[in-house]
Amino acid sequence: MAEVIRMPKMSDTMEEGVIAAWLKKVGDEVKPGDILAEVETDKATMELESYEEGVLLHIGVKEKDAVPVNGIIAVIGEKGESYEDLLEESSNGSAEPEESDSSETKEEAKQEEPAQTSEKIDTSGIEATVITMPKMSDTMEEGTISAWLKKVGDDVKSGDILAEVETDKATMELESYEDGNLLYIGVEAGNAVPVDGVIAVIGEKGADYETLLKAQAASNTSESKASTQPEPAKEEKKKEEAPKKEAEPKASAPSSSSDERIKASPLAKKMAEEKGIDISRVSGSGEGGRVIKRDIENYVPATAASASSEAASPAVLGQESFREENVSQMRKVIAKRLAESKFTAPHFYLTMEINMDKAIAARKSMNEIAPVKISFNDMVIKAAAAALRQHPKVNSSWLGDKIRYNDHIHIGMAVAVEEGLLVPVIRFADSKSLSQISNEAKSLGGKAKNKELQPKDWEGNTFTISNLGMFGIDEFTAIINPPDACILAVGGIKETVIVENGEMKVGNVMKVTLSCDHRVVDGAVGSAFLLTLKSLLEDPVRILI
């Protein structure tokens, strides 16, 4: 019996896949384990394996076309077997529920959006394709067009680079999967576009791309109408408020005359008249606020007081200024993810001092024969990986209704770049030598600063280390990097007085602080991890075992 082959979900964030290439054609025999096609997901190009045996009867998707997860892409069955009814049955399975309650919705659609149906019909004969902003990483919500490498009117082939796109983590190339002419560019260089937002149109020369764009936008007309309806009301409010604002200064203007009787002694009135003082401006110190002789003698006009203060303190010349910059995609995601972590995960912190005397001596000895220069950060990464192997509860993640305990150890290494922070991942750190860790850390750090990291370089961390020791920081606390349960903040090595065997001597001490998600890791578990880390760094030979 024929079997329908659907697009599988190849990653946790995958919503659709693009058939990069078919490796089998209609009529070919297929066995379980054979590779049917190469599928481009949001993270990588992967192989689509067959679990059925038979003949490839039908291919439902052309190369370079996208298919949503669970969409039909092929049929495998016996040679000559009829599959048309199976396809119709599979496609109608999702359509029937829509037809059952369509009587009311169709009438509403006709009343509210009569223009949309005609626009959708008009696109059938248009030989052009709308290019939208792809999701280039699992955290990407929008991308900024750094530069267009093609202009309107240029011929484009599949595989050509259309533009450079700045995501939240790197600047990546936007590749074309269409052949044709670049008819339209919808976003200028330097502007941001949300994922799935329209950025260009590719098709035949002279194709009616404007109608195609209208049809693309038609699905959002109901939302745009809802957002534009309150605007007239706002304008009316502004018009009503305008005359009120004009009337306010008139109402609040100070009055120079008053009908109220001024309480003052005859002598005070006479003295005020002789000195030319407006007695209504004098504050009375007599009974009931009555102005008396003393008040006139001590009265200092406001202008004179201000003039004397100005003369006493010379004016300081200066100009307030500032500048505002658009937030980069990287900074937006850093702000969002760390705010979610800080206000969602209940953090607690454990700090410990580590004597680094033996680590300093061991590093000096190792660097005499090592193929690459080993840093203290490399030693911390190796020691943390070894400690995680002994304390697997720290190497975990909170998933809401379950806790994931990772058997593999992938350590994220926080790297400061000009626009923020990136966390490339050293995979299987516990099974790598110090030289391998050092070499990989240098390579990933260079890629991060040059914006050359690929999604595989920053995904999959199970534990993160952030080191600010090189900046002279003694100790600090770090915010947990989701989905990890912990992050280790490493301070600098400081020469200080220590007590050993009851005697004071000079030693080199490094402070580390472990930030823990209390939903997953308890204080005793975190403390045990730090004790193991301390013992490994204070006797580095144990790291190599």
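How many bridges join β3 to strand β6? Select residues 54-59 to find β6. Two bridges join the antiparallel pair.

Before going on, know that this is a predicted model: local features need pLDDT of at least 70, side-chain atom pairs count only at pLDDT 80 or more, and totals for chains, interfaces and linings use all residues. Residues are numbered from 1 along each chain as its sequence is written, and side-chain values use heavy atoms, with hydrogens and water left out.

**The sheet.** Select E29: its bridge partner in β6 is V55. Strands here are DSSP runs (E, at least two residues) and helices are H or I runs of at least four, numbered from the N terminus. Two strands pair if DSSP finds at least two bridges between them. Now show the open sheet of four strands, ordered β1-β8-β6-β3 with antiparallel pairing. Its edge strands are β1 (3-6) and β3 (29-30), each pairing on one side only.

Go to I411. Leaving aside neighbours within four places in sequence, I411 is in contact (heavy atoms within 4.5 Å) with residues including I381, L388, P424, F463 and I465.

**Helix α13.** Select residues 434-449, then S438 inside that helix. S438 counts as buried because its relative accessibility is 0%, and buried means under 20% relative accessible area, exposed over 50%, partly exposed in between (1.4 Å probe, protein chains only). Its side chain reaches the backbone oxygen of K373 at 2.8 Å. Beyond neighbours within four places in sequence, S438 is in contact with V372, K373, I374 and D378.

Notes. Polar contact = N/O pair within 3.5 Å; in protein donor to acceptor, adjacent residues only side chain to side chain.
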